Amino acid sequence: MPNLVDKVINHRYHLIRTLGAGSFGVVYEAVDLQAPKNSNHVALKFVSKAGRKDASIANLRREIKLHRRASGHPNIVTLLDAYETA
């Protein structure tokens, strides 16, 4: 995956540094340009679909759906958005 530090995603998220990386993706610390200043730091996870089988992509979509449902729990990191590209 390309290094996206200092890029702005969807005119909303300014990526400031890499928090971690694994075999399928990267997590960045970002500033939400549309959020109030006291709560504008977020983590963005980028996951590559390249080279994955359809079943693996379906599992990833299911994970995002379940994360979205669990986001209201105080012990779960809130999922704000999910985007998919070709």
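Predicted model: local features only at pLDDT ≥ 70, side-chain atom pairs only at ≥ 80, totals over all residues.

Colleague: Aromatics, then. How many pairs does the count come to?

Modeller: The count comes to one aromatic pair. The partners are Y28 and F46, with ring centres 5.5 Å apart.

Colleague: Is that stacked or edge-to-face?

Modeller: Edge-to-face, because the planes are at 85° and anything over 60 degrees goes in that class.

Colleague: Where do Y28 and F46 sit in the chain?

Modeller: Y28 is in strand β3 and F46 in strand β4, which covers residues 41-47.

Colleague: What lies over the face of F24?

Modeller: That's R52, at 4.2 Å from the ring centre.

Colleague: Switching topic: where is G22?

Modeller: G22 is in the loop between β2 (13-21) and β3 (25-32). G22 counts as exposed because its relative accessible area is 52%, and the cut-off is over 50%. From G22 to L33 you go 11 residues in sequence and 27 Å in space, C-alpha to C-alpha.

Colleague: Last one, S71. Buried or exposed?

Modeller: Buried, since its relative accessibility is 10% and the limit is under 20%. S71 is in the segment after α1 (54-70).

Colleague: Which backbone oxygen lies 2.8 Å from a polar atom of the S71 side chain?

Modeller: The one of H67. Leaving out residues up to four places away in sequence, S71 touches I76, V77, T78 and L79.

Methods
Residues numbered from 1 in each chain as written. Heavy atoms only, no water. Helix = DSSP H or I, 4+ residues; strand = E, 2+ residues; numbered from the N terminus. Buried < 20%, exposed > 50% of the residue type's maximum accessible area, 1.4 Å probe, protein only. Phe/Tyr/Trp six-rings, centres within 6.5 Å; stacked < 30°, edge-to-face > 60°. Lys NZ or Arg CZ within 6 Å of the ring centre and 35° of its normal. Polar contact = N/O pair within 3.5 Å; in protein donor to acceptor, adjacent residues only side chain to side chain. Contact = heavy atoms within 4.5 Å.
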